[in-house]
Amino acid sequence: MESNAEKLHSKELYYPEDENLMKEQLICLEKLYDYNMTRPLEQKKRKELLSKMFAEIGEGCYIEPPLHANWGGKHVHFGKDIYANFNLTLVDDTHIYVGDCTMFAPNVTVATAGHPILPSLREKAYQYNMPVRIGRNCWIGSGALIMPGVTIGDNSVIGAGSVVTKDIPENVVAVGNPCRVLRKIGERDREYYYREMKIPKELL
């Protein structure tokens, strides 16, 4: 029979208030507390803490405190050159994978944890976890909510305030609640960066 620790990543129902799990989680949260208490000039300390907190974190990543994470980043896998603005929330009860060069605007939530609809199971605090995968070079807009089990393809943009409940393909702009594909990223995006404002030729 699998332990609660093993079920954490198996997608099965488990009991998150297991004493051993909670002890391990508190140690992770101590590191997260230290990270959030760093001063702006303590960039080296932040980098060192992130390397201890996260499952993987590449070069050039910057996460603006405060960062919130159920397990302090223990199950988070970041590529390189990822930027996260204020109040990124990572419900990292199981694995979250993020590709290189992805950006998170303020107040984004990425959640892996879910609870059964059946009230009697919720009363007993049962939970399940589904991994989330965000591709390379994505832009996740302010206040977006990314739900358990979702995959977002490379280069895609998720509009501010979107609630992403299903997979989003690569190379699209997707918005809304629930989040749906608005359009593909296309030729016009090579010419204009915002409405009628053209991209300077020297940047192309």
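Me: Which residues does Phe 54 touch, leaving out those up to four places away in sequence?
Reply: This is a predicted model. In it, Phe 54 touches Ile 63, Leu 67, Gly 72, Gly 73, Lys 74, Val 76, Phe 78 and Leu 90, with residues up to four places away in sequence not counted.

Me: Is Phe 54 buried or exposed?
Reply: Buried. Its relative accessibility is 5%. The cut-off for buried is under 20%, so Phe 54 qualifies.

Me: Where does Phe 54 lie?
Reply: In a loop. Phe 54 sits between helix H3 (43-53) and strand E1 (56-57).

Me: How many residues apart are Phe 54 and Trp 71 in sequence, and what about in space?
Reply: They are 17 residues apart in sequence. C-alpha to C-alpha, Phe 54 and Trp 71 are 9.2 Å apart.

Me: Staying with Trp 71, what about Gln 25? Which residues does Gln 25 touch?
Reply: Gln 25 touches Asn 70 and Trp 71, again not counting residues up to four places away in sequence. Gln 25 lies in helix H2, residues 19-36.

Me: Why does Gln 25 count as buried?
Reply: Because its relative accessible area is 18%, and buried means under 20%.

Me: New topic, the surface. Which residues form a nonpolar patch there?
Reply: Tyr 83, Met 103 and Trp 139. Together they have about 300 Å² of accessible area.

Me: Take Met 103. Where does Met 103 lie?
Reply: In strand E8, residues 103-104.

Me: And what is the relative accessible area of Met 103?
Reply: It is 38%, so Met 103 is partly exposed. That class runs between the 20% and 50% cut-offs.

Definitions and conventions:
Residues numbered from 1 in each chain as written. Predicted model: local features only at pLDDT ≥ 70, side-chain atom pairs only at ≥ 80, totals over all residues. Heavy atoms only, no water. Helix = DSSP H or I, 4+ residues; strand = E, 2+ residues; numbered from the N terminus. Buried < 20%, exposed > 50% of the residue type's maximum accessible area, 1.4 Å probe, protein only. Contact = heavy atoms within 4.5 Å. Patch = residues over 30% accessible without salt bridge, like charges linked within 9 Å, V, L, I, M, F, W, Y side chains within 5 Å. Areas by Shrake-Rupley, 256 points an atom, 1.4 Å probe, with all protein chains shown as cover. Salt bridge = Lys/Arg side-chain N within 4 Å of Asp/Glu carboxyl O.
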